[in-house]
Every structure is written in structure tokens, then in C-alpha cells.
Amino acid sequence: MNMQATPQLPFYQATARECDLFETAYENGLPLLLKGPTGCGKTRFVEHMAAKLGKPLYTVACHDDLSAADLIGRYLLKGGETVWVDGPLTRAVREGGICYLDEVVEARKDVTVVLHPLTDTRRTLMIDRTGEELVAPKGFMLVASYNPGYQNVLKRLKPSTRQRFLSVSFDFPTPEIEIAVVSQESGLEAGRVAPLVRLAGHIRALSGMDLEEGVSTRLLIYAATLMAGGMGVDQALEAAIIEPLSDEPDVGQALRDLISTIYG
Ligand SMILES: Nc1ncnc2c1ncn2[C@@H]1O[C@H](COP(=O)(O)OP(=O)(O)O)[C@@H](O)[C@H]1O
Ligand SMILES: [Mg+2]
């Protein structure tokens, strides 16, 4: 496995054939949807692929107040004058770059209306306010992510939207790959990362019962970073694993018990 990160290319360890799929989608001008739990590498993957393809990347973290105008742009008052300012989606379309809508289901409904003409053969962005109709150039690509784990009906992606995207599922990597990723990111030697990854396997098997979601690779990296900096295992796991995963004292105790069977 080649684990060398270069300054220009954010480190990303592929877990399947997702890099090929991204490149093929890009070459064919097709939008791509990344599905998977939080902290499993979706954002890093997009950053890596954008750098690899040499494309500007516009990332938008979607939230429940995010509107179409936030993506497209708006008129702003500047020194007594009203000027049009492009939003990140418009900029990506104009430049033929990559626009990444992180957690796209969180955004307001008017956002999907904007995405539809962009994600079919029209590849068009309508800017109602200015009357402009931009046809996306060849290099433009739309990427979105969403977490199917949240069982909120209102937070599901409608079939009319999802059927416009190629899709790929992300999941936590195999232990071998996850050890390599956590070690690379934290600087903690692989031998000390291995029990952390084993712990993660047990915690993920519990998720859905007492835990809403299993522990993410991101949290493992936090724990390993604390340990690499000299913090003791107990304190590091308390701050990076137990507290972030739950507010329930019972669940916290169950996690502590699990930890003592592994580190015992
Ligand atoms: N396959 C991977 N290769 C490299 N780093 C990874 C990988 N998976 C997870 N990471 C690490 O985990 C962190 C969280 O991943 P991120 O891409 O932000 O997750 P997501 O967007 O899925 O919530 C990243 O900052 C990176 O350090
Ligand atoms: Mg992300």
C-alpha cells in the first residue's frame, strides 16, 4: 500500500474502486452521490479526486437554512451600488469546476429544483434573478453526499432526485485499511492503533441498539492523535470516543467496560 501523502494531493486510501468511478463520472459529465455514515472519508475522497484531476473544488456544507440563493448567488449592496455576486455553485459552473454539496438532504427544498436541470442532459443552471441561463462546460461536475443512516423520513432523498445521480456507498474500511489510515493521519504507530480499530469493530456491532451511530474513523483519528501526543489511553478514549458517542451514563459505562476487555 502506498501511504505517501503529497502536499498537493490530500491523502486518501481507496477502499474499493471508487476512484475509477469518480474519474469515469467526471469524464462523462455525470453527477455522483456518495452515501455513507459520517466520518468515513467522503469529504476527503472528493478533496483527493479534485486535486488529482486538477479541478477547483467548491464545497458547501448543507444545513436546513441553506437556500437556492446561497448556492446560486445574490445581489449585494457594495458602496451604495447593487452588484451581483455568484454563489459557489454558479462559480463552479462558470469555471468548469467541481461542486460538492455535503449532506445535501439537509438543504431546503428549493435547492433540489435548481439541481434538476443541472443533473440531466440540459446541464443548465438557471439564474432567475439575472435571467442568465448557464450551460455547464465539460469540466463541471456535481457531487453530493448523504447519510442514509438517519431514519428520518423528512431527511430522505426523493427518488426523483436520487435517480439523477450515479451513486456509491461508503462504509467503514476493513481493519487493515483503517489501521493504516488512522496511523497515517495521527502519527501513532500501527501497533498502538490496532486495538483502537478492534474496539471500533465492537462498538459498530452495537450501533443501532444503544448508539445511534457507530464510532467514525474521524473519532479514531482524534483518539490516536491524543495518544500520539502522550495522553494516557483512558483519558484519550474518554474524550475522543465515550463522550462524543453518547450522553447516557449507562451507555458510557457499557463503553468503558468494553474498553477494559480490550485494553484490560
Ligand atoms: N479512506 C480514507 N483515506 C484517508 N483518510 C481517511 C479515509 N477515511 C477517513 N479518513 C480520515 O477521516 C477523516 C474524516 O473523514 P471525512 O472525509 O471528513 O468524512 P465524511 O465526509 O465521510 O464525514 C478525514 O479527515 C481523514 O483524516
Ligand atoms: Mg463530510
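**Helix packing: α1 and α2**

- In α1, E18, C19, F22, E23 and Y26 meet F45, M49, K52 and L53 of α2.
- Contact here means heavy atoms within 4.5 Å.
- By class, this contact of α1 with α2 has six nonpolar, no polar and three charged residues.
- Nonpolar covers Ala, Val, Leu, Ile, Met, Phe, Trp, Tyr, Cys and Pro; charged covers Asp, Glu, Lys and Arg; the others, Gly among them, count as polar.
- Helix α1 (residues 18–27) and α2 pack at an angle of about 55°, and their axes are 11 Å apart.
- The angle makes α1 oblique to α2.
- Angles under 35 degrees count as roughly parallel, over 145 as roughly antiparallel, 65 to 115 as roughly perpendicular, and the rest as oblique.
- α1 and α2 cross in a right-handed way.
- A crossing is right-handed if the near helix is turned clockwise from the far one by less than a right angle, and left-handed if anticlockwise.

**How to read the model**

- This is a predicted model, in which local features need pLDDT of at least 70 and side-chain atom pairs count only at pLDDT 80 or more, while totals for chains, interfaces and linings use all residues.
- Residues are numbered from 1 along each chain as its sequence is written, chains are lettered from A and ligands numbered from 1 in the order in which they are written, and side-chain values use heavy atoms, with hydrogens and water left out.
- Helices are DSSP runs (H or I, at least four residues), numbered from the N terminus.
- Axes are lines fitted to C-alpha atoms, for helices over the stretch in contact, and angles run from 0 to 180 degrees between N-to-C directions.

**Helix packing: α7 and α8**

- The axes of helix α7 (residues 175–186) and helix α8 (residues 190–206) come within 9 Å and cross at roughly 125°.
- The crossing of α7 and α8 is right-handed.
- P175, E178, I179, V182 and S183 of α7 touch A190, V193, A194, V197 and R204 of α8.
- Seven nonpolar, one polar and two charged residues form the contact of α7 with α8.

**Helix packing: α9 and α10**

- Helix α9 (residues 217–228) packs on helix α10 (residues 233–245) at about 160°, with the axes 8 Å apart.
- This makes α9 roughly antiparallel to α10.
- α9 and α10 also make a right-handed crossing.
- On the α9 side, the contact includes L219, L220 and Y222; on the α10 side, V233, A236 and L237 are among the residues.
- The contact of α9 with α10 has 14 nonpolar, no polar and no charged residues.

**Pocket and cavity**

- On a 1 Å grid over the protein atoms alone, a cavity is a set of points where a 1.4 Å probe fits but cannot get out; a pocket is an open set with protein on both sides within 12 Å along at least five of seven lines; lining residues have an atom within 4 Å of a point.
- Grid points are joined across faces, edges and corners, and a volume is the space filled by probe spheres set on the points.
- The largest pocket holds about 510 Å³ of space.
- Its lining has 24 residues, of which G39, C40, G41, K42 and R44 lie nearest the centre.
- α2 (42–53), α7 and α9 each supply at least two residues of that lining.
- The pocket lining divides into nine nonpolar, seven polar and eight charged residues.
- The largest cavity has a volume of about 30 Å³.
- G29, P31, L118, T119, R123, F140 and L142 line the largest cavity.
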